[in-house]
Amino acid sequence: MSAPTTPAATATGDPTRRTAVDLAAAIAAGETSAVEVTRAHLDRIEAVDEAVHAFLHVDGERALASAAEVDRRRADGEPLGPLAGVPLALKDVLTYAGAPTTCGSKILEGWRPPYNATVTQRLLDAGIVILGKTNLDEFAMGSSTENSAYGPTHNPWDLDRIPGGSGGGSAAALAAFEAPLAIGTDTGGSIRQPAAVTGTVGVKPTYGGTSRYGLVALASSLDQPGPCARSVLDTALLHAVIAGHDPRDSTSIDAPVPDVVAAARSGDVAGLRVGVVRELGGEGYAPGVEQRFRESVDLLAAAGAEIVEVSCPHFRYALPAYYLILPSEASSNLAKFDAMRFGLRVGDDGVASAEQVMAATREAGFGAEVKRRIILGTYALSSGYYDAYYGQAQKVRTLVIRDFENAFAAADVLVSPTTPTTAFRLGERVDDPLAMYANDLCTIPSNLAGNASASFPVGLSPDDGLPVGLQVIAPPLADDRLYRVGAALERALGEQWGGPLLDRIPEPTARPSVEVQA
Ligand code: GLN
C-alpha cells in the first residue's frame, strides 16, 4: 500500500495529536498536567512502536519523574520555559546520563554514559521530558535506518518503506505521534532526509550553532545536532532551547542565536530572494517530487518572494568529496571503540592479547557499512594516497563553499527538493551502497559548507502518495531565514490541505511485512 486512505482519527484533546506549543500552554494554564501528557505519549508508544520501531529504549519511569517535577514547579509558581512538560524523542547518538547509548551499534551494547550531552542538558533544564532514545543507522551511517544493529524503523506512512536515515527513529516517532518533539543529528542529511520522507520538519542549524559535546562523533567537521517536530513553530522553539555557545565544544560559535522563533511566527517572505539551485533537479528526480517542489516555489512567489535561478556547478562533486571526507574522519573517530573503554568485549579469555581482543571485538561489534567506511577512510588517509584523496576532497569542499558564496550574493536563501525520490522500500537499496548514497545528493553540500538548512513538508507525491520535502538553505548564522520560508509554506499549504499533512497519515497498526528484529 502506498497512498494513505483513512485519515487518522483526530480526537480533540488527545495530547498525542497536539502541537508542542499548545501542550506547553495547556500545562502552564493547568488545563492538563505534564504527567498526563507524558502518560498519553508512553501509551501511544506502547500501542504503535512494535510496528514502527522508532525507539531503542524507552524510560517511562524517568520521563514521568521529570514530568512530575514540571508539575510541582508549576504548582509552586516557579517560572516555566515555553516547552516545559512537553515530551521528546532523543536520537541514540547523544548521551543521556544513565540511559543506554548504543549509536545503533552492537559495539556500544551495555554502555551507559555517566554524563549528559550539552543538548540533553539544555532539554532537561528547559523542563522537556525525554521519553527515550531513538533508532538510527549504526553510528549515523546511512539513509534508511537499515544499518541499525537493532533492526530497521518503519515509515508510519507505509510500514514497508524506509523512514529515512540516519535519524529515521526520531522522524518516525514524530509521524507516528509518539512524541511531538525530537532531536536528530545531521552529517550529510540525517535530519533533513528523514523529515522529507515522513512529512515532518527537520532543521540542521549552522555548523557550530548547536553543541556537539556529548554527541558521539561520526565526522566532526560535518556533524550537527538539530531540532525536529511536526510544525515549524515547534521546531523553532526547540531550536531556541538547544542552540547557543557552549565552551565545552571548541567549534561552538560564540555569537547570539538568530531569532528563529520570531521568524517562525512571522513567515513573512515579502521581498526575500529565493534561489532555485539549477543543479539540484532534472534527471534522476521523481516527477512527483519535482512537481510538488515547483508548486511550492510558486506559492513562495505568490507570498511575495522573488524567485531567481542560481547555479552551483561544483555540487556535482560534493557527494564523492563527502564520501572521502566522512570516512576519513569516521575512521579516526571510531578508533576509540577498542574493547577497552566502552561496551562490548569479545574474546577476552585471559590468554588472548589486547590486540586480539580489539580485533575480535571490532569484527563482531561493527556492521558492514561501518567497516566499509573505516577501510575507505583509512585508505584515503594513508601516506602516499592522502593528497590524491583526502586532499583533493578538501579542495572540492572549498569549491562548494565558493559556489554557495556566489549563490548567496544573488539570493537570500536557496531551495531544492530535499531528496530526489520519496521513501523507497525497505530492502530495496540496502545491498547497493552507491544507490543509498545518492539519497544525499541535495543535502550534502550544506554540511560541507557548514551553513544552515532545513526540510519542510510540501505535500504528497502524485506518483505514490508519499511525502515530499523541500529543502531551504541559508547562509551561516542566518538560520532564522529557514523558519521564515518554512512558516510561509506551512501557512499556504495548510490552507490548501485544510490542516496539517500528517492528519492524513494512516494508523500504523498493520504488521509490517519486513520483520522487526528485537
Ligand atoms: N546518509 C548520509 C551518510 O550515510 C548522512 C548521514 C548523516 O547525516 N549522519 O553518511
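Biologist: Which residues does Ser166 touch, leaving aside those up to four places away in sequence?

Modeller: This is a predicted model, in which local features need pLDDT of at least 70 and side-chain atom pairs count only at pLDDT 80 or more, whereas totals for chains, interfaces and linings use all residues. Residues are numbered from 1 along each chain as its sequence is written, and side-chain values use heavy atoms, with hydrogens and water left out. Taking contact to mean heavy atoms within 4.5 Å, Ser166 touches Asn135, Leu136, Asp137, Ala140, Met141, Gly142, Ser143, Thr145, Ser190 and Lys91.

Biologist: With which side chain does the side chain of Ser166 make a polar contact?

Modeller: A polar contact is a pair of N or O atoms within 3.5 Å, where within protein one must be able to donate a hydrogen and the other to accept it, and residues adjacent in sequence count only if both atoms are side-chain atoms. At 2.8 Å, the side chain of Ser166 makes such a contact with the side chain of Lys91.

Biologist: Is Lys91 buried or exposed?

Modeller: Lys91 is found in strand 2 (residues 87–91), strands being DSSP runs of E with at least two residues and helices runs of H or I with at least four, numbered from the N terminus. Buried means under 20% relative accessible area, exposed over 50% and partly exposed in between, with a 1.4 Å probe and protein chains only. Because its relative accessibility is 0%, Lys91 counts as buried.

Biologist: Where does UniProt place the feature "active site"?

Modeller: The UniProt entry is unreviewed, its positions are given in the numbering used here, feature names are shortened, and annotations may be inferred rather than shown by experiment.

Biologist: Which residue forms a salt bridge with Asp412?

Modeller: A salt bridge is a side-chain nitrogen of Lys or Arg within 4 Å of a carboxyl oxygen of Asp or Glu. For Asp412, in the loop between helix 13 (387–410) and strand 9 (413–417), the partner lies 139 residues apart, in strand 7 (residues 273–277). The closest N and O atoms are 3.0 Å apart, and the partner is Arg273.
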